[in-house]
Amino acid sequence: MDRSLADVEDRVADHVEAYRESAPFHPVEAEAIGSLSDAFRAGEYGKRDVDWVVRWYFRRAVTDIDHEERRAVEAAVADTEPRELRGAMWDAIDALDEEAADGARDPPHRRALDALTQIPGVDTEVGSALLWFLEPDEYFVVGEREWAVVAALTGDARSGADLDGPYPEPMTVDAYDRFLDGVRDLADRLGVDHWHLYMVIRSVHAETVDGEATAEES
């Protein structure tokens with residue numbers, strides 16, 4: 001991806017607005033990012049809310065969905081007993097709310113991801129979406145598009161992230177940690193919260209990668 005941080009810094013507001021105007025899921029995303037965390041923590045949610053996050057993870061890609069994978073994951077989550085699903089969600093919330101007793105314990109988000117990936121069909125990628133909607137100010141959803149943009153924009157000596165190389169298949173928790181370091185560094189350097197950073201990332205990807213593909217086809 002031929003894009004630098006300097007290219008983006010002065011156009012943050014433009015990217016946010018471009019995403020708002022073009023993303024088909026923006027209205028419902030904006031509502032969910034502002035409400036689901038409180039609903040999950042209060043237990044005031046239904047199984048359909050978890051199903052929605054899982055569907056959102058795949059369907060936001062729009063043009064490059066692996067429909068076979070999507071259907072398998074969505075079906076597995078939909079078939080999960082509500083008690084099992086809510087138990088995994090509560091375990092994840094408890095993990096996020098606990099402070100590590102010492103340096104030997106896994107960080108809270110690792111224990112939360114471990115709980116979330118106990119839900120049938122949920123791997124680290126889909127788990128990252130659930131994790132983000134549980135704590136949108138702290139964590140972030142990971143996918144190939146997010147990884148590519150964060151890697152391009154944090155590839156300098158100032159960043160502690162190490163996202164060189166191809167997108168990890170499968171995504172591991174260690175790789176997600178490196179990605180999260182890049183996300184936090186990028187959000188700080190652009191002066192935005194994680195929700196606005198998501199909109200910037202998706203807009204940058206659409207403008208560069210999708211735009212390049214359109215130019216090559218014409």
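Residues are classed as buried under 20% relative accessible area, exposed over 50%, and partly exposed in between, using a 1.4 Å probe and protein chains only. The structure is a predicted model, in which local features need pLDDT of at least 70 and side-chain atom pairs count only at pLDDT 80 or more, whereas totals for chains, interfaces and linings use all residues. Residues are numbered from 1 along each chain as its sequence is written, and side-chain values use heavy atoms, with hydrogens and water left out.

The protein contains 11 helices and zero strands, where helices (H or I, at least four residues) and strands (E, at least two) are DSSP runs numbered from the N terminus. The order of elements from the N terminus is accordingly α-α-α-α-α-α-α-α-α-α-α. Of the 218 residues, 48% count as buried. The accessible surface comes to about 10800 Å², and 46% of this surface belongs to carbon and sulfur atoms; accessible areas come from the Shrake-Rupley method with a 1.4 Å probe, and for residues only the protein chains shown count as cover. Contacts are defined by heavy atoms within 4.5 Å. Among contacts between residues at least 6 apart in sequence, 70% join residues at least 24 apart.

Helix H7 spans residues 108-116, and its buried residues are His 109, Arg 111, Ala 112, Leu 113, Ala 115 and Leu 116. These buried residues pack against helix H6 (82-97), helix H8 (124-134) and H10. Apart from neighbours within four places in sequence, Arg 70 is in contact with Phe 58, Arg 59 and Ile 65.

A search of the whole structure finds 14 salt bridges, each defined as a side-chain nitrogen of Lys or Arg within 4 Å of a carboxyl oxygen of Asp or Glu. In general, side chains of opposite charge can pair when their charged atoms come close. One of the salt bridges joins Lys 47 and Asp 51, with an N to O distance of 3.9 Å. The two residues are separated by about one helical turn because they stand four residues apart in helix H4 (residues 47-59). Lys 47 is partly exposed at 22% relative accessibility, whereas Asp 51 is buried at 12%.

Another salt bridge pairs Arg 110 with Asp 177, the closest N and O atoms being 2.7 Å apart. Arg 110 lies in helix H7 and Asp 177 in helix H10, so this pair ties together parts that are 67 residues apart in sequence. Arg 110 is partly exposed, at 22% relative accessibility, and Asp 177 is buried, with a relative accessible area of 16%.

Helix H10 also contributes Arg 184, which forms a salt bridge with Glu 138 at a closest N to O separation of 3.9 Å. Glu 138 is located in the loop between H8 and H9, so the pair ties together parts that are 46 residues apart in sequence. Both partners are partly exposed, Arg 184 with a relative accessible area of 35% and Glu 138 at 39% relative accessibility. Elsewhere, salt bridges that share partners join Arg 11, Asp 14 and Glu 207 into one network.

Glu 207 lies in helix H11 (residues 194-217) and is partly exposed, with a relative accessible area of 34%. With neighbours within four places in sequence set aside, Glu 207 is in contact with Arg 3, Arg 11 and His 15. The C-alpha atoms of Glu 207 and His 15 are separated by 9.1 Å, although the two residues are 192 apart along the chain.

On the surface, a patch of negative charge is formed by Asp 66, Glu 68, Glu 69, Asp 123, Glu 144 and Glu 169. Patches are made of residues with over 30% relative accessible area and no salt bridge, with like charges joined within 9 Å and nonpolar side chains (Val, Leu, Ile, Met, Phe, Trp, Tyr) within 5 Å. Lys and Arg count as positive and Asp and Glu as negative, while His and the chain ends are not counted; the place of a charge is taken as NZ of Lys, CZ of Arg, CG of Asp or CD of Glu. Glu 169 is joined to Pro 170 by a cis peptide bond, with omega about 0°. Pro 170 is found in the loop between helix H9 (144-153) and helix H10 (173-190).
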